[in-house]
Amino acid sequence: MSATDETSTAELAHEEKAALAAELFAPGVGAQAGPPTTPATATGSAGDTPPGAHSHGGPVLTGQPVPTGSPAERFTSTDPDAFPKPTGREEEWRFTPLRRARQLLDGAPSDARLQVDSDLPEGAVLTSVEAGDPLLKGLPEPVDRLAALTRQRSNGATVLRIAKEAVLDRPVTLRLSGTGSEDVVWGQLVVEVGAFAQATVVLDHAGLAKYSGGAAFLLGDGAQLTVVSVQEWAPGTVHGGQYDSVVGRDATLKQVVVTLGGDLVRLVSNVSYTGTGGSADLYGLYFADETQHQEHRLWVDHATPNCRSNVVYKGALQGDKAHSVWIGDVRIRPAATGTETYELNRNLVLTDGARADSVPNLEIETGEIVSAGHASATGRFDDEQLFYLCSRGIDAETARRLVVRGFFADVVQHIGIPELQDRLMGTIDARLGALPELDEQPVEVG
């Protein structure tokens, strides 16, 4: 790609982001997030982007490392000692409050468990395997020290199997509840979806825990899987996790992640494809309150021709020291011709003292694609939307609630389970009333 093409691409990206910010936020309050200015370290082949590749970090200079904020290749290993202990200076840990996560990262063995309640329709079987089972050896490898510790300390895995060609008549629900134990809970879940099966799986997290959990979703050819992961933890909970999705030929994955509770939640979601025609839609919703840290990292690896991915994550923040982090990485390898991909992150800052970090990264190594793009926008309430509602007799508090509900609505509807959608929106409504600052902010209506 020539320097002129790079400049043109950068200008188009800037115009697109400005349009997205104007669509949702009032003029002058949008804040675009960019990549860090230093390359990642100790992450395999970081910075070795081949000449001609496009990155979010700017034009490629022949023979020079490209500071994209995310490596083109990630180091993976099942051995925790292969990863250095995080100090906070590493790219993958620089946003995370390590003091809160220290007990998880120390990796002490534990027999503590979450309380598990399951609802299994016909065609779904819940079982377990021991450590060393061939199934576990074939899973995608951990991408950081915490995920490697989880794989090692779990001593096996819970396995949910959906029979080949089964069409489940209701969702599989696994309610995972913390019991308040001070010991770390280590857990591994594997979901196998047989060829041409259709299923919805809900992972519903609640209670108080220190939990590090891995989950792998393996989709057979032609399978259709919807995964809904809800983090509605009690205050004080620390939750780290790695989600790996392997999408088969002509298979369809829809993943919806909803993070509302807990003191610290850090989830890493990875997607890879094993055959042409695979499709992945990744949706996310998060609402960070006072002192909460909610971090979502995504990696979509397009290495197979004619696959698609779509990422939409939306977050709201309120209260002092509320912090959200969204990192979206998409790589299109040379062989992934015909790829179609897009990622979007939007953040709504409701009060002063809250912070949202948003870093989209896109690595393109072939020009033979259908489309590829990304966008990020962060801002406050849209004054025009509030003015419109208040001018029609709606009080300011109700108007703000309506704006936030509308902001989240298109993500929540992808869950496809009315009872769960109503429950989550009820939680969001309750959280909106928790801070009097929302009601005290004036709205001019004339």
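I take contact to mean heavy atoms within 4.5 Å, and helices (H or I, at least four residues) and strands (E, at least two) to be DSSP runs numbered from the N terminus. This is a predicted model, in which local features need pLDDT of at least 70 and side-chain atom pairs count only at pLDDT 80 or more, while totals for chains, interfaces and linings use all residues. I number residues from 1 along each chain as its sequence is written, and side-chain values use heavy atoms, with hydrogens and water left out.

**Entry: the chain as a whole.** I looked up the secondary structure and found eight helices and 16 strands in the protein chain. With buried taken as under 20% relative accessible area, exposed as over 50% and partly exposed as in between (1.4 Å probe, protein chains only), buried residues make up 55% of the 446 residues. Among contacts with a separation of 6 or more, 86% join residues 24 or more positions apart.

**Entry: helix α5.** Which residues of α5 (residues 383-390) are buried? I noted L386, L389 and C390, and, seen down the helix axis, the buried residues fall within an arc of 95° (taken over the directions from the axis to the C-beta atoms), so they line one face of the helix. These buried residues pack against α6 (396-412).

**Entry: nonpolar cores.** I count as a nonpolar core a set of buried Ala, Val, Leu, Ile, Met, Phe, Trp, Tyr and Cys residues joined through side-chain atoms within 4.5 Å. The largest one has 50 residues, and I162, F217, L225, L253 and V271 have the most contacts inside it. Strand β5 (residues 198-219) gives the most to this core, with eight residues. Apart from this core lies another, of 33 residues, including V312, L350, A375 and L420. I then listed the surroundings of L253, which, not counting residues up to four places away in sequence, touches L219, L225, V227, S245, V247, V271, S279, A280, D281 and L282.

**Entry: cysteines.** How many disulfides does a search of the whole structure find? It finds zero, where a disulfide would be a pair of cysteine sulfur atoms within 2.5 Å. I checked burial as well: C307 is buried at 2% relative accessible area, and C390 is buried at 13%.

**Entry: aromatic rings.** I pair rings of Phe, Tyr and Trp (its six-membered ring) if their centres lie within 6.5 Å, with planes under 30 degrees apart counted as stacked, over 60 as edge-to-face and the rest as tilted. The structure holds five such pairs. For F75 and F83 the centres are 5.3 Å apart and the planes stand at 70°, so this pair is edge-to-face; F75 is partly exposed at 35%, whereas F83 is buried at 8%. For F407 and F408 the centres are 5.3 Å apart and the planes stand at 55°, so this pair is tilted.

**Entry: charges over rings.** My criterion is NZ of Lys or CZ of Arg within 6 Å of the ring centre and within 35 degrees of the ring normal. R266 lies over the face of W93, at 3.8 Å from the ring centre, and K314 lies over the face of F407, at 5.1 Å.

**Entry: T76.** This residue lies in the loop between α1 (3-24) and α2 (98-106) and is partly exposed, at 31% relative accessibility. Leaving aside neighbours within four places in sequence, T76 is in contact with F83, E141, P142 and V143. The C-alpha atoms of T76 and A147 are separated by 9.8 Å, although the two are 71 residues apart along the chain.
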